[in-house]
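I opened a new notebook page for this structure. My plan was to start with the overall fold and then go down to single residues.

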Amino acid sequence: MAGFGGAVKLTGESAYKQALSSISRSLREVGSEMKVVSSAYDKNDKSTAAISAKTDVLNRKLEQQKSRLSTLQAQYKSYSATMEQNGAKHQALAQKYESEKAKLTAIGNSLGKTSAEYKKQQQVVDGLSQELQKSSQNQERNANTMSKLRVSMNNAQADINKTSKAIEELGESSEETSPK
């Protein structure tokens, strides 16, 4: 009886985690650069140099954020495909369990619950029950992972939106201060 159980490792998980770690590190570096640029220029400094420096840092930050979102989206797509396959396996296991359980009931009704066939079938059903329970737990863990991933993607998109808005505001500041 080849079963389905145990932990399911989503393919490419470590590669995605490494990529996200690298991007997060780059975002921290760009964030620290922005602090340096902000501290070098007065908050109200609307000079071309100040705006240019801030825009440059924000553009690099935006690219890193887009890269992070892209990585998260690829990871989500990969996980979704794996979850779909695991869901089909889980469903097949549940159907097999129900079928074997019905068979156990039929054997119990025809041969009695003390027969050797009944005891053998009971072991099959018990084994499938344990596998189904493990599979259900894995399905729940994987659903939680997917939920966390969706939250991370939404947060990444929100960061992109904030950075884009900051760049637009700098562009408007630049237009206000340019000679007409």
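**Entry 1: ground rules.** I noted that this is a predicted model, where local features need pLDDT of at least 70, side-chain atom pairs count only at pLDDT 80 or more, and totals for chains, interfaces and linings use all residues. Residues are numbered from 1 along each chain as its sequence is written, and side-chain values use heavy atoms, with hydrogens and water left out.

**Entry 2: overall fold.** I looked up the secondary structure. The protein has three helices and zero strands. I read its pattern along the sequence as α-α-α. Here helices (H or I, at least four residues) and strands (E, at least two) are DSSP runs, numbered from the N terminus. I wrote down the ranges: α1 covers 13-40, α2 covers residues 48-111, and α3 covers 116-177.

Entry 3: I checked how much of the chain is hidden. Of the 180 residues in the protein, 30% are buried. The scale is relative accessible area: buried is under 20%, exposed is over 50%, and partly exposed is in between (1.4 Å probe, protein chains only). Then I turned to contacts (heavy atoms within 4.5 Å). Among contacts with a separation of 6 or more, 83% join residues 24 or more positions apart. The protein exposes about 11500 Å², and carbon and sulfur atoms supply 49% of that. These areas come from the Shrake-Rupley method with a 1.4 Å probe; for residues, only the protein chains shown count as cover.

**Entry 4: the salt bridge.** How many salt bridges does the structure hold? I found one. A salt bridge means a side-chain nitrogen of Lys or Arg within 4 Å of a carboxyl oxygen of Asp or Glu. The partners are aspartate 56 and arginine 60, at 3.7 Å from N to O. In general, side chains of opposite charge can pair when their charged atoms come close. Aspartate 56 is partly exposed at 42%, and arginine 60 is partly exposed at 33%.

Entry 5: Which helices supply the lining? I noted that α1, α2 and α3 each give at least two residues. By class, the lining has four nonpolar, three polar and four charged residues. Ala, Val, Leu, Ile, Met, Phe, Trp, Tyr, Cys and Pro count as nonpolar, Asp, Glu, Lys and Arg as charged, and the others, Gly among them, as polar.

**Entry 6: along helix α3.** Is asparagine 138 buried or exposed? I found asparagine 138 in helix α3, buried at 3%. Its C-alpha atom is 9.6 Å from that of histidine 90, 48 residues apart along the chain. Lysine 134 also lies in α3 and counts as partly exposed at 47%. Lysine 134 and histidine 90 are 9.9 Å apart, C-alpha to C-alpha, and 44 residues apart in sequence. Glutamine 130, in α3, counts as exposed at 52%. From glutamine 130 to tyrosine 97 I noted 10.0 Å, C-alpha to C-alpha, across 33 residues in sequence.
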